[in-house]
Amino acid sequence: MTDVPTLPLNGLRIVEVSSFVAAPLAGMTLEALGAEVIRVDPIGGAADYHRWPVTDEGESIYWANLNKGKRSVAVDFRDPEAIALIRDLITEAGVLVTNAAGRDWLDYDSLAAIRPDLIHVQVLGRADGSGALDYTVNAATGFPLVTGPSTTAGPVNHVLPVWDVACGLYAALSVTAAVIRRSETGAGARVVLPLEDVALATTGHLGYLAEAQLGGDDRPRVGNGIYGTYGCDFATADGERLMVVAITPRHFRDLAEVTGTADAVRAVESALRVDFTKDGDRYRHRRVLDGLFGVWFAERNADEAEAALADTSVVYERYRTFAQVACDPKVMDNPMFGLVEQPRIGSYLAPTTPMTFEGAHPPARPAPANGDDTAHVLATYLNLTDAQIADLHNRGVVHATTRPTTKDTE
């Protein structure tokens, strides 16, 4: 068994006040890198605590997987005494990650007045402070109007909340960069990260916006093809589908040879006076090429096609359902996944960070339930006694599912 590596953020403590995807993903990413992440929620959980998918008993599989390894503190967000506790936790830890809106007590200026070197990362919907979600931000980026079959008239949304994911990783990067600067200069940081700007920046980085600004035509829908190069999903004789991509001349040459169409491809090149070593020519004449290559795939089952493609440089993959992926060796035999005994849900393989440190992945740990760590955190970091915590719990200021275990009380 590989020893657990010393992780780069060991010793860093972060308070997270969040919900949904971006900010929780940031906290989980930082936890996997060694930080202690204390998620503070309302008693009973925030808006994402019961989000689907859920078990038959209503436990959120979604929440459990986005909050692995964190500590959970539950307080009454309307109670001034609870708000003071949250403020004390934040200023004691020195790092806050949040996407909570409309809560003045999470404001950077008031917290930094207590702890000047505070690192404060605020995820917003839009830069002006107005609300937005991945699904609405995506509608405004242009992608839904170039997604889907060429015969589709209306927008097609993709299922993956890609802007939330990118935003969460940007937020985690912001914390690590700010921690490095603080360690060198002693300065804190106020980081504002609008979800909409993450989407717009990414769209710009990939050239979509510059193309339009420079007078390019609107991007067409190309179904499962790839704009500007060659890619196609082919059906096999047994009803499976393979995504095949040839983005280099070598890829394309090998695809033509393995499908026995090299002579036909050369004839098409000559007839059309094009050069299929060029991305643009492969893209413009993709339908002709789809027809040439498609016959070969239609005559073979998926296993046979994959076996033949495996001996080439062609990049390909079979389409799989989530259920198929879950039992695939890429998951079952992947050291990134570890068996997690998740209370209230069950046992399953859960991923940690895809990065390795000293050749090993950090372990995946189960998520807490709402309030599981309230007593431990208040006792350990705010020096509250068992009696004080019990009093707060009895008055509904906090919710503590367990008693402190690391601090003696009088």
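Reader: Fine. What kind of model is this?

Author: It is a predicted model.

Reader: How many helices and strands does the chain have?

Author: There are 17 helices and twelve strands. The C-alpha trace spans about 90 × 50 × 40 Å along its principal axes.

Reader: What share of the residues is buried?

Author: Of the 410 residues in the chain, 47% are buried. As for contacts with a separation of 6 or more, 66% of them are between residues 24 or more positions apart.

Reader: Now the helix pair. How do α6 and α7 cross?

Author: Helix α6 covers residues 162–185 and helix α7 covers residues 195–205. Their axes come within 9 Å and cross at roughly 100 degrees. An angle of 65 to 115 degrees counts as roughly perpendicular, so α6 is roughly perpendicular to α7.

Reader: Why give both an angle and a distance?

Author: Because two packed helices are described by the angle between their axes and the distance between the axes.

Reader: OK. Which residues make the contact?

Author: From α6 they are W163, D164, A166, C167 and Y170. From α7 they are L195, V198, A199, T202, T203 and H205. Sorted by class, the contact has seven nonpolar, three polar and one charged residues.

Reader: Pick one of those. Is T203 buried or exposed?

Author: T203, which lies in helix α7, has a relative accessible area of 2%. Buried means under 20%, so T203 is buried.

Reader: What does T203 touch?

Author: Leaving aside residues up to four places away in sequence, T203 touches T141, F143, W163, Y208 and L209. W163 is also one of the α6 residues in the helix contact.

Reader: L195 was in that contact too. What else does L195 touch?

Author: One residue I can give you is A132, which touches G125, R126, V137 and L195, again not counting residues up to four places away in sequence.

Reader: Where is A132?

Author: A132 is in the loop between β5 (119–124) and α5 (134–139). With a relative accessible area of 17%, A132 is buried. Its C-alpha atom is 7.4 Å from that of E196, although A132 and E196 are 64 residues apart along the chain.

Reader: Changing topic. How big is the largest pocket?

Author: The largest pocket has a volume of about 1300 Å³. Its lining takes in 36 residues, and M28, N65, L66, K68 and P351 lie nearest the centre.

Reader: Which elements supply that lining?

Author: Those giving two or more residues are α1 (22–32), α2, α6, α14 (322–326) and β11.

Reader: I was looking at R344. What is its phi?

Author: R344 has a positive phi of about 75 degrees, although R344 is not a glycine. R344 sits in the loop between β10 (337–342) and β11 (346–351), and it counts as partly exposed at 38% relative accessibility.

Reader: Which other non-glycine has a positive phi?

Author: E358 has one, of about 55 degrees. E358 is in the loop between β11 and α16 (374–382). The cut-off for exposed is over 50%, and at 65% relative accessibility E358 counts as exposed.

Reader: Last one. Where is there a cis peptide bond?

Author: A cis peptide bond joins W52 and P53, with omega about 5 degrees. P53 is in the loop between β2 (36–42) and α2 (61–66).

How values were computed: Residues numbered from 1 in each chain as written. Predicted model: local features only at pLDDT ≥ 70, side-chain atom pairs only at ≥ 80, totals over all residues. Heavy atoms only, no water. Axes fitted to C-alpha atoms, helices over the stretch in contact; angles between N-to-C directions. Helix = DSSP H or I, 4+ residues; strand = E, 2+ residues; numbered from the N terminus. Parallel < 35°, antiparallel > 145°, perpendicular 65-115°, else oblique. Contact = heavy atoms within 4.5 Å. Nonpolar A, V, L, I, M, F, W, Y, C, P; charged D, E, K, R; others polar. Buried < 20%, exposed > 50% of the residue type's maximum accessible area, 1.4 Å probe, protein only. 1 Å grid on protein atoms, 1.4 Å probe; cavity = no way out; pocket = protein on both sides within 12 Å on 5 of 7 lines; lining within 4 Å. Points joined across faces, edges and corners; volume = space filled by probe spheres on them.
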